[in-house]
Amino acid sequence: MTADRTRVLALIDRLLAEHDPAGDEKEFLAARFDLGLAWVWFPEGLGGLHAERSLQTIVEQRLAAADAPNPARTNALGVGMGAHVLLAHATVEQQHRWLRPMFIGEEIWCQLFSEPGAGSDMAALAARAIRDGDEWVVNGQKVWTTLAHVARWGMIVCRTDPDVPKHQGMTYFIVDMTAPGVEVRPLRQITGEAEFNEVYFTDTRIPDGDRIGDVGDGWRIALTTLMNERVAIGGAVAPRGSGPIADAVRTWQEYGHDDPAARDRLMQLWIESEAARLTNLRAAQMRTRGTPGPEGSTSKLVYADVNKRIYEYVVELMGPDGMLYDTYEEIRPDEFTVHPRTKAFLRARANSIEGGTSEIMKNILGERVLGLAGEPRVDKDLPWSRVPR
Ligand SMILES: Cc1cc2nc3c(=O)[nH]c(=O)nc-3n(C[C@H](O)[C@H](O)[C@H](O)COP(=O)(O)OP(=O)(O)OC[C@H]3O[C@@H](n4cnc5c(N)ncnc54)[C@H](O)[C@@H]3O)c2cc1C
């Protein structure tokens, strides 16, 4: 056992002994952050212990077993992505300003990347930021922005130089979602919920102090966000037999007793879920520091596919009950919720789109892991302003 591991285990014991996991959520998360158990590989004083990143798995598993609050549920985009971007690219002042309120759920974060003309090809984005003294003035539209309606801060990438090729002319900022000129409009999903939004910026001002990284370096920083997003969506290491596959087993117990073909499909799905879980476990243990590599894309691709097939199976087993839906009233969730089975079936359709589509994940794996020839990218070297659109 390394010294780090001993220290982490002792700190988890202390956290659980001194703070009730079933008590006040913010108080528990604040104590966890202050003990350095938010992200163990972060610096001390910023939610970490400067330990090996692989030790984080122990923290997550012990706290999940104690039913402790999960900060990624209330602030998925902040905790799952924003924190990693701040660690890799922000100044120490920015890290001190944003990390703690993010982790304890006091300030919710959202991600403002996609636009109507820039989804898979995010580097085509058009939202414009023009410098005005110590501030930037932003105009443009973002779309599919999860939780923008409850967010205090947004990670936004804007075009700051239209006259250079698309990947070079973007800059990354953190925008105050309560600033004048930010308008958030709901978008309703197949589940009936309005979990995500369109966001319009009209002469919104961002202080230059809230810029992350250098002017023109937005693409590199966006990649850190995207790599962590894929791990956040598909890379969870839940206990064996939990999550969606547990729903399938429960449904089998309720509906599927006499059918050997249904049992065979259940076993197949269980094996695939377990193989994905063990692959994620191995990837998490190999990650020591820094930004995850293409293994996040593998996890995301497999998760999306297996999750969809699990809920197709669940709804089939339920027969007519699977077609019943309690209400289509529009709901504005303020966190990601655990959906009941039929809703989970509908929500799973988004798994192969959100965080990058499965086709894009396959392109990444083909090019970055298998070393296949890249797809033709004819606009790569053209100034963004000269690309026909
Ligand atoms: C539930 C949900 C939540 C989301 N939350 C956010 C958020 O919080 N913030 C945010 O910025 N975005 C968010 N998104 C947007 C998401 O990132 C985009 O939808 C996604 O990247 C795809 O972009 P697009 O919708 O513009 O589709 P397009 O890029 O237009 O793709 C259309 C189709 O073409 C295929 N395609 C495109 N290019 C290629 C290619 N080169 N090779 C092969 N096939 C290709 C795609 O796979 C897809 O099937 C969310 C999406 C969903 C569904």
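Analyst: Phe173 is in contact with Ala129, Trp136, Ile156, Cys158, Ile206, Asp210, Arg211 and Ile212, leaving aside its neighbours within four places in sequence; contact means that the C-beta atoms, placed from the backbone, lie within 7 Å. This is a predicted model, where local features need pLDDT of at least 70 and side-chain atom pairs count only at pLDDT 80 or more, while totals for chains, interfaces and linings use all residues. Numbering starts from 1 along each chain as its sequence is written.

Phe173 and Val40 touch the most other members of the largest nonpolar core, which has 89 residues. Such a core is a set of buried Ala, Val, Leu, Ile, Met, Phe, Trp, Tyr and Cys residues joined through C-beta atoms within 7 Å, and buried means 20 or more other C-beta atoms within 10 Å of a residue's own. Helix α10 (residues 295-318) gives this core its largest share, 9 residues; helices are DSSP runs of H or I with at least four residues, and strands are runs of E with at least two, numbered from the N terminus.

Now to strand β4 (residues 153-159), which pairs with β1 in the parallel sense over 4 bridges; pairing takes at least two DSSP bridges. Gly154 of β4 is the bridge partner of Cys110. From β1 (residues 109-112), Cys110 and Leu112 point one way and Trp109 and Gln111 the other, and all are buried.

Around the ligand are 20 residues, the closest being Phe113, Gly119, Ser120, Thr357 and Glu359; a residue is near if its C-beta atom, placed from the backbone, lies within 6 Å. β1 and α12 (358-369) each give two or more residues to this shell. Domain 2 (109-217) and domain 3 (222-369) both contribute to the shell, so the ligand lies between them; the bounds come from an automatic or database domain assignment.

Notes:
A residue is buried if 20 or more other C-beta atoms lie within 10 Å of its own, exposed if 12 or fewer, and partly exposed in between; C-beta atoms are placed from the backbone. Two residues are in contact if their C-beta atoms, placed from the backbone, lie within 7 Å.
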